[in-house]
Amino acid sequence: MEYLHIIMATYPIDIIDINLEIIEYLLRQCLQDPNDLVRKAARVVFVNQYEKTFALRADRFFHNLESCTKKAIVNERDC
C-alpha cells in the first residue's frame, strides 16, 4: 500500500493518468484487503490524493464500491 501512496504523491499526473486503470485496480484490492491497516491506508490515499487529483473518476469509482467501503471512506473524509 505504501507504494501506491508514493506513486500518487510523486509521479507526474500524465504518467498516473496513463496507468489509472491499474491504480484503480490496486486501490480497489487494498480497500477490500483483510488487513485493517491496509484498508485504512487505502482510504487515506483515496481521500487525500486520488479524489483530489481525479475528482470525476474518483466519483465514479466511489459509486461502484460496496456500501460498507463507502461508509468507511465517508468516515475517513470526516476525520
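Tutor: Helices here are DSSP runs of H or I with at least four residues, strands are runs of E with at least two, and both are numbered from the N terminus. By that count, the protein chain of this predicted model has six helices and zero strands. Along the sequence the pattern reads α-α-α-α-α-α. The radius of gyration is 12 Å, close to the 12 Å that the globule rule gives for 79 residues, so the chain is as compact as a globular protein of that length.

Q49 is 30 residues from N19 along the chain, and the C-alpha atoms of the two are separated by 15 Å.

Back to the surroundings. Of the 79 residues in the protein chain, 33% are buried. Among contacts with a separation of 6 or more, 57% are between residues 24 or more positions apart. The C-alpha atoms fill a box of roughly 30 × 25 × 20 Å along the principal axes. The chain exposes about 5,200 Å², and carbon and sulfur atoms supply 55% of that area. As for charge, there are 10 positive and 12 negative side chains, and the centres of the two sets lie 6 Å apart.

How values were computed
Residues are numbered from 1 along each chain as its sequence is written. This is a predicted model: local features need pLDDT of at least 70, side-chain atom pairs count only at pLDDT 80 or more; totals for chains, interfaces and linings use all residues. Side-chain values use heavy atoms; hydrogens and water are left out. The radius of gyration is taken over C-alpha atoms; the globule rule is 2.2 Å times the number of residues to the power 0.38. Buried means under 20% relative accessible area, exposed over 50%, partly exposed in between (1.4 Å probe, protein chains only). Contact means heavy atoms within 4.5 Å. Accessible areas come from the Shrake-Rupley method with a 1.4 Å probe; for residues, only the protein chains shown count as cover. Lys and Arg count as positive and Asp and Glu as negative; His and the chain ends are not counted. The place of a charge is taken as NZ of Lys, CZ of Arg, CG of Asp or CD of Glu.
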